[in-house]
Amino acid sequence: MIKSVQFKNFKALRDTTLPLERFTLIVGPNGSGKSTALQALRAISNAGEIDFNRVITTGQRFSAENFVEITLHLGWPYEGSAYGIRWSEAGVSGPHKGPLAAMDQEARNLLSRDLERIRIYSFDAQAIAAPVPLVPNVELTPNGHNLAGVLDQLRDQDHERFEALNEALGLWLPEFDRILFETPQPGTRSILLRTRRGQHKIAATDLSQGSLMALAMLTLAYLPNPPSVVCLEEPDRGIHPRLLRDVQEALYRLSFPESYSEEREPVQVIATTHSPYLLDLYRDHPEQVVIANKTEEGTKFERLSEQPYIEEILRDSHLGDVWYTGVLGGVPAHL
Amino acid sequence: MKVAVFGESDLDEEAVRILVDGILGKQTQSVDFRLRARGWPAVKDNLPAVLTHLHYRTDAEALVVIADSDDSPLHQADHEQPGNVNSECRLCGLLVAIGQTLNRLAPVPGRATIKIAAGIAIPAIEAWFLCGSDPRASEAAWLQGGASMRGADFRKKLKRTLYGEDFAPQAIRIRRVREEALRLTQDLSLLESYFPNGFGPLAHAIRGW
């Protein structure tokens, strides 16, 4: 697990640390670096693909501190270790921090595999609905493309999970009772949802944005081998506020598999939102909420549970409403 | 003097700050961020959180809370007598929330108790800014007007009169409330006499700071 990510000169994240839990929800104004923080996690596992000149904080390139550095501070099973990458005009260096050298080869391989399995998603309804070519070992792309292939694979390789997913979908979207497939062209697949009443088949391209988002999120939650870290931009997008508890549950299924009779490693989930309604659901878990604040020195992240007097301030109020007032930070400065 | 303003919109803050400065006869400073609530219930429900935050975590010296009455009953002086709180009256709602929260806050060394003033605009803040220029803009007119001055349609008429149209851009709305707030500061007794139960307690509390 990643306990925190330390940023130096990475875009808007000039000098700040993002604290993380197994599940973390980041809230903050537009342009406060929430998405940038997620991109940074991807950058660390694709260090060679990063263009230093495009990611260094504006104004830092010609300063004495003209480098970019991202450091992961790790928890179990790498307790006390850190993994950092530094980019500069001279190229990429690292990993360069922490007692990694003391790790045995097996642990280093495991860490390397975990870092490669970090995934960032910002789902797009059109991409989710699109037909896909059938290829082996297909996985969801960042915008949710390949969903039909992933579901087809799940049906063939883990029928029990596929059935459980159908059941969960029926609870979330009760007008549907089953995921079906069609072959628009040889070697391709697309998704249909079957209506509970009348057994009509609705093509994915005719489904609402919210239904497609829900399907993609549920699929992630029911994967037998999900990514090690799932970063999800605005999981509430297109979803009715009353369904946000289902969103929370799908994400908790990833993070807390033991609570859902899942026998797999927990997935670390980092999500962003602007929804006070989604935030309301974390009233009892302020340690899972991080506030992103824009300051003159750049973005600063703050775990909600570490704000002084937070219990007294929240007391009987809705967390989303209190956040909206501005007293917790993470709101636009000028409005 | 550092004063926080808590209301339903940035219009409220713009306008109310001018009035507060006019009552005090000096320019106040704002806190580091702007406070907002999503409509009336959120003003009342989140007032304890706002006040607690200001008390423990800021150097704000005072808080002004403002809300529209919509169609709720007009506040009366006898509501403030023991046992007379009117549960439908929004000013009573604010005063009860303020009292309960202040009783709960522990003293902070070196910090004086936050000064608080609450006001209710009847039926909406636009009425205050039409004071003296529109005969419908007074608590007495609103009471006498009965059903013709209740409901969202009447409040829309007030907005149309003040801003010139139904969907005026925010910049125009802000300019208009600033202009009118500055006009009213020339003679605040006008506002106090036309809105004795909604603006009166606000002005009285601020003068006591």
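Is B:R176 buried or exposed in this predicted model? With a relative accessible area of 17%, B:R176 is buried (under 20%; exposed is over 50%, and partly exposed lies in between, with a 1.4 Å probe and protein chains only). In this predicted model, local features need pLDDT of at least 70 and side-chain atom pairs count only at pLDDT 80 or more, while totals for chains, interfaces and linings use all residues. Residues are numbered from 1 along each chain as its sequence is written, chains are lettered from A and ligands numbered from 1 in the order in which they are written, and side-chain values use heavy atoms, leaving out hydrogens and water.

B:R176 forms a salt bridge with B:E179, with 2.7 Å between the closest N and O atoms (the rule asks for a side-chain nitrogen of Lys or Arg within 4 Å of a carboxyl oxygen of Asp or Glu). The two residues are three apart in helix α7 of chain B, so about one helical turn separates them (helices are DSSP runs of H or I, at least four residues, and strands runs of E, at least two, numbered from the N terminus). B:E179 is partly exposed at 35%. Both belong to a network of salt bridges that also links B:R175, B:E180 and B:R183.

B:E14 is buried at 15%, whereas B:R178 is partly exposed at 40%. Over all chains, the count comes to 37 salt bridges.

Helix α1 (residues 10-24) of chain B also holds B:D12. B:D12 is buried yet has no salt bridge, and the nearest side chain of opposite charge, B:R36, is 7.7 Å away (Lys and Arg count as positive, Asp and Glu as negative; His and chain ends are not counted). A polar atom of the B:D12 side chain does lie 3.1 Å from the backbone nitrogen of B:E8.

B:E139 is buried without a salt bridge, and B:R150, the nearest side chain of opposite charge, is 11 Å away. The backbone nitrogen of B:N197 lies 2.9 Å from a polar atom of the B:E139 side chain.

How values were computed
A polar contact is a pair of N or O atoms within 3.5 Å; within protein, one must be able to donate a hydrogen and the other to accept it, and residues adjacent in sequence count only if both atoms are side-chain atoms.
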